[in-house]
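The following note sets out points for a colleague to consider alongside the coordinates.

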Amino acid sequence: MSKRTVELELATPGHDAQGRPARLPLVVGAPEDGVVEPSLGGEQMLINIGPQHPATHGVLRLVVVLDGETVVRVIPHVGYLHSGFEKLGEYRHYNQIIPLTDRTDYLSPMSNNVGVALAAERLMGIEITPRCTVLRVIACELSRIISHLVWLGTTSIDLGAFTPFLWAFQQRERVYNLQEMWTGARLTTSLTRVGGLMADIPNGFTDGLRDFVVTFPDTLGEIDKVLTRNAIWAGRTQGVGVMTAAEAIDHSLSGPMLRASGVPYDVRKDKPYLGYETYEFDVPVGEHGDVYDRYLVRLEECRQSTRILAQALDRLPEGPINVDDPRVILPAKSRAMSDMEAMIYHFKQVMEGVKAPPGEAYVGIENPKGELGNYFVSDGTAKPVRWRIRPPSFINLSSLAKMAEGHLLSDLIAINASVDIVMGEVDR
Amino acid sequence: MNPSVDALRATFGTAIGRAAVARDGETVVYVRAERLRDVMQWLRDTAGQRYDYLVDVTAIEYRDGERPLEVAYFLRALERRVDLRVKVELDPAGELAVDSVVPLWNGANWLEREVYDMFGITFRGHPDLRRILMWETYAEGHPLRKDFPLRGRFSRAEQVHQALAANPEAHYSIEELSLAEAYQELPPDMKERLRKGERGKVPFSE
């Protein structure tokens with residue numbers, strides 16, 4: 001057992017008949033017989049939370065009508081971080097769009113890079129190499145882990161637990177070091193190119209990743225121990241912000257939000273890309289659709305991601321990372337400077353870009369936040385007519401009012417945290 | 001091609017326009033705007049179709065000004081794991097309006113607001129059709145339209161001036177202002193400006 005594991009006095013051990021952690025309602029100071037609690041209802045007020053508020057996870061602004069401490073209405077205001085990425089994309093070549101995607105969901109940049117490259121490749125009919133496919137899987141799963149770790153850390157802080165935040169960010173730092181090793185950047189990775197990758201993994205990357213895959217589940221186990229059966233955690237999250245399966249479908253939720261409500265839809269399993277159908281992993285599905293189940297789903301997804309990473313490391317084939325097509329992939333700099341033909345291809349790609357045939361393509365990938373869709377419409381030129389990002393956290397956030405109304409103000413913070421928003425993506 | 005297209009033609013006849021398989025292998029079917037709500041309801045509720053999940057709503061304007069604007073609906077049958085893309089064409093010279101699908105899917109609420117905000121397409125029957133990414137008193141137009149310049153219509157200086165000079169009520173929706181009014185929390189100067197219909201209005205300085 002690791003030194004960091006702590007025993008909690010408040011832990012509520014035990015499992016119910018189905019083997020799930022027992023759900024004990026946290027009752028503090030139940031009213032004694034004959035004592036009538038004074039009613040705080042009747043007086044409503046309008047308050048404004050954000051846009052600069054640590055618990056709104058970015059520049060989200062909520063106008064809330066309160067009756068006492070109960071939330072009567074929530075009116076979210078978004079757009080404070082609107083950068084017009086979709087408009088910018090119409091003025092850029094497909095490869096020039098990739099850096100924009102670093103800045104949408106900035107907690108999982110590599111997986112956004114993969115999503116947009118896949119959509120451009122589907123539009124152009126490009127088949128990527130086997131090594132590139134596996135490396136992109138590694139990029140996606142690392143992104144899932146770091147995004148979920150940020151979610152775990154910040155949500156536990158919102159609910160008053162500081163320690164899991166430190167543990168989560170310590171592990172996240174290890175992934176960021178790997179990311180920096182591979183792409184040279186911690187945040188603006190711009191990892192992919194249409195038809196391949198910006199760079200192959202450097203020496204020592206696989207060793208670092210293997211070490212991470214082996215030791216990371218220990219931290220997950222510790223977080224699990226501290227939170228899953230913690231009475232405060234359970235009391236703050238169980239039965240809060242419930243979405244039934246039908247409501248989740250009606251509100252177009254995706255990702256962990258949808259699965260926590262009991263709908264087993266995972267793009268990796270149901271519309272596989274990057275050969276995910278050949279990996280062995282499970283898709284965790286909740287049943288209550290509350291904040292607690294979203295936590296359980298995300299925690300388990302981290303474990304499953306390490307499983308996928310281990311398999312990807314075992315099968316990582318040798319070979320090129322880019323497709324062998326000089327119209328799509330830039331020639332090596334040394335060749336562009338010495339070989340006439342290579343120089344022409346280099347010039348045409350940089351000046352004119354890669355032309356996509358007329359038509360449209362949508363590719364949805366299972367991003368940490370939900371289904372990230374990239375939709376390109378082309379008129380045959382090198383710049384898309386329309387680039388649409390289906391932003392999972394924007395659509396998930398739109399159900400906030402439905403989930404929070406009727407709960408306490410402190411539950412609103414927990415519910416907002418459980419949506420796992422990142423404003424760069426909500427506002428784009 | 002997705003067999004739902006034939007079923008749609010058998011049910012709705014000439015309301016269903018052309019259909020084609022897109023480059024990603026999904027079927028795109030064009031529907032006349034007047035019948036959109038019926039077609040969507042049918043696709044959602046009919047046994048054997050059951051497109052119960054709305055993936056996305058967006059619009060497309062082509063660089064060729066002659067081509068109509070398109071509103072695209074991405075549908076998914078969750079049980080069958082089948083996708084279908086339904087499109088509606090709108091004449092840019094005519095009224096840019098289409099029936100809202102919020103009565104069918106609540107998930108369409110913010111998506112349609114975004115299309116309204118970015119393209120200026122109105123959704124009839126939407127419960128709360130306001131701008132969403134841009135602020136409500138935004139006066140420069142609809143950013144994703146092709147005639148909208150990349151840097152916006154106003155100069156940078158004018159944009160900064162407007163942002164700094166905006167009245168506080170510009171940051172609240174009419175509904176929120178009326179809620180505040182109901183609790184007698186509106187300051188008198190705000191009330192006065194609202195009464196004169198000058199909500200968040202800034203004198204144009206250029």
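Two strands are taken to pair if DSSP finds at least two bridges between them. The points below concern a predicted model.

1. Sheet of chain B. On that criterion, five strands of chain B make up an open sheet with mixed pairing, in the order β1-β2-β5-β4-β3. Its edges are formed by β1 (16–21) and β3 (53–60) of chain B, each of which pairs on one side only. Ignoring direction, neighbouring strands of this sheet are turned against each other by 20 degrees on average.

2. A parallel pair within that sheet. Strand β2 (residues 27–31) of chain B and strand β5 (residues 82–90) of chain B run parallel and are joined by four bridges. In this pairing, Val28(B) is found opposite Arg85(B) of β5(B). Helix α1 (residues 4–12) of chain B packs on the sheet, where it touches β1, β2 and β5 of chain B. The direction of α1(B) makes about 175 degrees with that of β1(B).

3. Domains of chain B. The domain assignment divides chain B into domain 1 (4–133) and domain 2 (154–206). Taken over C-alpha atoms, the centres of domain 1 and domain 2 of chain B are separated by 35 Å.

4. Contact between the chains. How many residues does the contact take from chain A and from chain B? Chain A supplies 40 residues and chain B supplies 35 residues. On the side of chain A that touches chain B, strand β6 (residues 359–367) of chain A gives the most, with five residues. By class, the residues on that side of chain A comprise 19 nonpolar, nine polar and 12 charged.

5. Strand β6 of chain A. Is this strand mostly covered or mostly open? Eight of the nine residues of β6(A) are buried, so the strand is mostly covered; a residue counts as buried if 20 or more other C-beta atoms lie within 10 Å of its own. β6(A) runs antiparallel to strand β7 (residues 370–378) of chain A, and nine bridges join the two. The hairpin from β6(A) to β7(A) passes through two residues. Across this pair, Gly359(A) stands opposite Ser378(A), and Ala361(A) stands opposite Phe376(A).

6. Helix packing in chain A. Helix α4 (residues 130–158) and helix α16 (residues 409–419) of chain A pack at an angle of about 180 degrees, and their axes are 10 Å apart. The two helices, α4(A) and α16(A), are therefore roughly antiparallel to each other, given that angles over 145 degrees count as such. Thr154(A), Thr155(A) and Asp158(A) of α4(A) meet Ile413(A), Ala414(A), Ala417(A) and Ser418(A) of α16(A). The contact of α4(A) with α16(A) has three nonpolar, three polar and one charged residues.

Technical notes. Residues are numbered from 1 along each chain as its sequence is written. Chains are lettered from A and ligands numbered from 1 in the order in which they are written. This is a predicted model: local features need pLDDT of at least 70, side-chain atom pairs count only at pLDDT 80 or more; totals for chains, interfaces and linings use all residues. Domain bounds come from an automatic or database domain assignment. Two residues are in contact if their C-beta atoms, placed from the backbone, lie within 7 Å. Ala, Val, Leu, Ile, Met, Phe, Trp, Tyr, Cys and Pro count as nonpolar, Asp, Glu, Lys and Arg as charged, and the others, Gly among them, as polar. A residue is buried if 20 or more other C-beta atoms lie within 10 Å of its own, exposed if 12 or fewer, and partly exposed in between; C-beta atoms are placed from the backbone. Axes are lines fitted to C-alpha atoms, for helices over the stretch in contact, and angles run from 0 to 180 degrees between N-to-C directions. Angles under 35 degrees count as roughly parallel, over 145 as roughly antiparallel, 65 to 115 as roughly perpendicular and the rest as oblique.
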